[in-house]
Amino acid sequence: MNVGLSWIITPREWSFEETAKQSKAAGYDSVEVVIRDDWGLSLDTSEAEAARLAGVCRDLGLELASLCPSMRGAP
């Protein structure tokens, strides 16, 4: 069984890198990426930045298990 942590439940001030490091330290197997329009990763995140973040997980031995869109939409 793969047990993961969603970035959506971590403290807002944690970067994706911090979330990945804390997830690994806590014994999780994977991380769920959250796409937001008001912080963190967004639809404007470059392919190079997304690849870099995937590398952070790979280097820690974490799987990127899922993607959670959490968009507030247009005002």
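Helices α1 and α2 are roughly parallel to each other in this predicted model, because their axes cross at roughly 15° and angles under 35 degrees count as roughly parallel. The axes of α1 (residues 16–25) and α2 (residues 47–60) come within 10 Å; axes are lines fitted to C-alpha atoms, for helices over the stretch in contact, and angles run from 0 to 180 degrees between N-to-C directions. Helices (H or I, at least four residues) and strands (E, at least two) are DSSP runs, numbered from the N terminus. On the α1 side, the contact (heavy atoms within 4.5 Å) is made by Phe16, Glu17, Ala20, Lys21 and Lys24, and on the α2 side by Arg52, Leu53, Val56, Cys57 and Leu60.

Three strands form an open sheet with parallel pairing, in the order β1-β2-β3; two strands pair if DSSP finds at least two bridges between them. β1 (4–6) and β3 are the edge strands, each pairing on one side only. Neighbouring strands are turned by 20° against each other on average, direction ignored.

Strand β2 (residues 30–36) is joined to the parallel strand β3 (residues 63–70) by seven bridges. Serine 30 stands opposite glutamate 63 in β3, and valine 31 opposite leucine 64. Helix α1 lies across β1, β2 and β3 and runs at about 160° to β2.

Residues are numbered from 1 along each chain as its sequence is written, and side-chain values use heavy atoms, with hydrogens and water left out. Local features need pLDDT of at least 70 and side-chain atom pairs count only at pLDDT 80 or more, whereas totals for chains, interfaces and linings use all residues.

Methods. Angles under 35 degrees count as roughly parallel, over 145 as roughly antiparallel, 65 to 115 as roughly perpendicular and the rest as oblique.
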